[in-house]
Amino acid sequence: MPAISLEQISKSYGEGAGLAGAGLVIPRLDLKIPEGQFVAFLGPSGCGKSTILRMIASLEAPDTGRVKIGGEDGVRGSHGENTRVSFVFQDPHLLPWRSAIENVRLPLELERTSGDHTELSRQALERVGLGGALDKMPHQLSGGMKMRVSIARALVTQPHILLMDEPFSALDEVTRFRLQEDLRMFWKASRMTVVFVTHSMSEAAFLAERQIVLSQRPARILVDRVSSLGDERDEHTRASLAYAQEVRELQLRFREGEEGAS
């Protein structure tokens, strides 16, 4: 059974929605994402990538069709008793009055899960390299550290599905590369299903096992391809010919999409 199934979903926004370019965004989209796959969505700005992600997360409902998570109907807001879903936004959205470990502990408190919340939160922060910053407040953290806390908060519940909406776009290149490598490591260790939205062809090429390129709105799938890169990816991968070819292929597909819609 797929981890995520989108069945004939569509989405439109009216002029009163406060969004630029109101109208049809997603037209009758069908898509299945197998359990454990790392998928990247990319396409022009405003094409509907984040809208798809928000519908998967049940933050928005499609106008037509169904979103199924682990066989459950996501439109009803239920991901099933045994399917945990976490969302990482572009902004870390940390609570300024709570320390790093208290921010990470928040979803455990809200879900009232069993176990030692503080110990689980400490372990999550150590996984992202912040074992020495447990008691630091958000204003004491750099942008990269704040995003690491946000990722730790998403991982602390041990999700089956991780949704990420351009989480590294505001970071400097060195920090972004390091977090991309860390994310690959987390995914390899857990084999959770990851859906990652990005504008960056190089980021999609490095991170994802599968890349889905969308056209300008109304969004249609221009290409749905599996990466030719191997499972092992690190700083040396970025200097390889195979990686350069992956990025070039995505650049060509992206350009085709923009030209086709103009």
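This is a predicted model: local features need pLDDT of at least 70, side-chain atom pairs count only at pLDDT 80 or more; totals for chains, interfaces and linings use all residues.
**Notebook: aromatic rings**

I went looking for ring pairs and found five aromatic pairs in the structure.

*Entry one.* I started with phenylalanine 38 and tryptophan 187, which form an edge-to-face pair, with 5.9 Å from centre to centre and 75° between the planes. Then I checked where they sit: phenylalanine 38 is in strand β3 (residues 38-42) and tryptophan 187 is in helix α5 (residues 173-190), so this pair ties together parts 149 residues apart in sequence. Buried or exposed, I wondered about phenylalanine 38? Phenylalanine 38 comes out at 0% relative accessibility, so I put it down as buried. Tryptophan 187 is buried too, at a relative accessible area of 2%.

*Entry two.* Next I looked up phenylalanine 206 and tyrosine 243. Their ring centres are 6.4 Å apart and their planes stand at 85°, so I logged the pair as edge-to-face. Phenylalanine 206 belongs to helix α6 (residues 201-207) and tyrosine 243 to helix α7 (residues 241-261), so here the pair ties together parts 37 residues apart in sequence. I checked burial again, and both phenylalanine 206 and tyrosine 243 are buried.

Arginine 191 has its charged end over the ring of tryptophan 187, 4.1 Å from the centre. Over the face of phenylalanine 206 I found arginine 238, at 3.9 Å from the ring centre.

Methods: Residues are numbered from 1 along each chain as its sequence is written. Side-chain values use heavy atoms; hydrogens and water are left out. Rings of Phe, Tyr and Trp (its six-membered ring) pair if their centres lie within 6.5 Å; planes under 30 degrees apart count as stacked, over 60 as edge-to-face and the rest as tilted. Helices (H or I, at least four residues) and strands (E, at least two) are DSSP runs, numbered from the N terminus. Buried means under 20% relative accessible area, exposed over 50%, partly exposed in between (1.4 Å probe, protein chains only). A charge sits over a ring if NZ of Lys or CZ of Arg is within 6 Å of the ring centre and within 35 degrees of the ring normal.
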